[in-house]
Amino acid sequence: MEGEQKNQNNTNLETARADRSVWLMKCPVVVAKSWNAIPPDSQQNLAKVVVSLDPLHPEDPASLQFSMEMASSDTVNMPKSYALNMFKDFVPMGIFSEANQGRVATEGKVEHKFDMQPNNKNMEEYSRMCRERTNKSMIKNRQIQVIDNDRGLHMRPMPGMIGLIASNSKEKKKAAPVKAPEVKRTRRDRGELEDIMFKLFERQPNWALKQLVTETDQPAQFLKEILNELCVYNKRGTNQGTYELKPEYKKSVEETGAE
């Protein structure tokens, strides 16, 4: 029961301040940092909002002007005066807060939305501050560290770091198979090789290219040239992947064997 009551309190939404009017303002980074540096329990005033209204044209929306005067700040070159540009049309929004215990509450609804920017008279000062901030960010503080171990152990890749693969990873790269060095074969005389080929086909009618390379000790490409002239390549059937003599050469081989 106690745990259920605690969860129920955390899920309830506190709506006592739901109708309170809130202003939403987008401010420069330097202003936000200056305000965040002030302790939360401090009674120090952050800024003063000044509202100007033309009494001769009170109904004109342009006659209503907002500005903000900053309180004293430790930030150098930070402008003290800002213009608040009010948005006329924006999506209705609400403000919510969450306590440390997880309790959620509504803090009000956004009535006005502003964009905060330095006044024209402070624009030069603000630009100087932005340039100084950019220049500081571009300065790289490099440090030199002397390595006592002169064997280069700190610079050598540790086991498992090569290829960004952990040493205890189950998936390890398979070693690439080492290809045997290709033996250079000397070409025979074409007529002599043809006689050898006919004798081989007398022994058996079908030969694979790999078998003929072994039998003749000739380059495969050179052997293919002669096979294309003398033989037919079987692409299917029981003798698939083998060569056999063309019909006209078969007849001459058979006649030679008969003699």
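1. Trp23 counts as partly exposed, because its relative accessibility is 40% (buried is under 20% relative accessible area, exposed over 50%, partly exposed in between, with a 1.4 Å probe and protein chains only). Trp23 sits in strand S2, residues 21-26 (strands are DSSP runs of E, at least two residues, and helices are runs of H or I, at least four, both numbered from the N terminus). Bear in mind that this is a predicted model, where local features need pLDDT of at least 70, side-chain atom pairs count only at pLDDT 80 or more, and totals for chains, interfaces and linings use all residues. Residues are numbered from 1 along each chain as its sequence is written, and side-chain values use heavy atoms, with hydrogens and water left out.

2. Trp23 also belongs to a nonpolar surface patch, together with Val49, Val51, Leu53 and Leu64. The accessible area of the five residues together is about 420 Å² (Shrake-Rupley method with a 1.4 Å probe; for residues, only the protein chains shown count as cover). Strand S3, residues 47-53, gives the largest share of the patch, 3 residues. As for the rule, patches are made of residues with over 30% relative accessible area and no salt bridge; like charges are joined within 9 Å, and nonpolar side chains (Val, Leu, Ile, Met, Phe, Trp, Tyr) within 5 Å.

3. Still on strand S3, have a look at Ser52, which is placed there. Ser52 counts as partly exposed, because its relative accessibility is 35%. Ser52 and Leu64 are 12 residues apart in sequence, and their C-alpha atoms are 5.7 Å apart in space. With neighbours within four places in sequence left aside, Ser52 is in contact with Ser63, Leu64 and Gln65 (contact means heavy atoms within 4.5 Å).

4. Ser67 is in strand S4, residues 64-70. With a relative accessible area of 18%, Ser67 is buried. Not counting residues up to four places away in sequence, Ser67 touches Lys48, Val49 and Val50, and also Tyr82, Ala83 and Leu84.

5. On to charges: the structure holds 6 salt bridges (a side-chain nitrogen of Lys or Arg within 4 Å of a carboxyl oxygen of Asp or Glu). One of them joins the side chains of Arg103 and Glu14, at 3.7 Å from N to O. Arg103 is in the loop between strand S6 (94-98) and strand S7 (104-118), and Glu14 is in strand S1 (residues 13-14), so this pair ties together parts 89 residues apart in sequence. Both ends are partly exposed: Arg103 has a relative accessible area of 38% and Glu14 one of 32%.

6. Arg20 and Glu107 meet through their side chains in a salt bridge too, at 3.1 Å from N to O. Arg20 lies in the loop between S1 and S2 and Glu107 in strand S7, so the pair ties together parts that are 87 residues apart in sequence. Here the ends fall into separate classes: Arg20 is partly exposed at 41% relative accessible area, whereas Glu107 is buried at 17%.

7. Another pair worth a look is Glu192 with Arg188, a salt bridge whose closest N and O atoms are 3.0 Å apart. Glu192 is partly exposed, with 39% relative accessible area, and Arg188 is partly exposed, with 36%.

8. Helix H4 (residues 190-203) and H6 have axes that come within 11 Å and cross at roughly 65° (axes are lines fitted to C-alpha atoms, for helices over the stretch in contact, and angles run from 0 to 180 degrees between N-to-C directions). H4 supplies Arg190, Leu193, Glu194, Met197 and Phe198 to the contact, while the H6 side includes Phe222, Leu223, Ile226 and Leu230.

9. One backbone point to check is Asp217, where phi is near 55°, a positive value in a residue other than glycine. Most residues other than glycine have a negative phi. Asp217 lies in the loop between helix H5 (209-216) and helix H6 (220-230), and is partly exposed at 45% relative accessible area.

10. For the overall picture, the protein has 7 helices and 9 strands. Of its 259 residues, 22% count as buried. The accessible surface comes to about 21000 Å², with 51% of that belonging to carbon and sulfur atoms. Among contacts between residues at least 6 apart in sequence, 57% join residues at least 24 apart.
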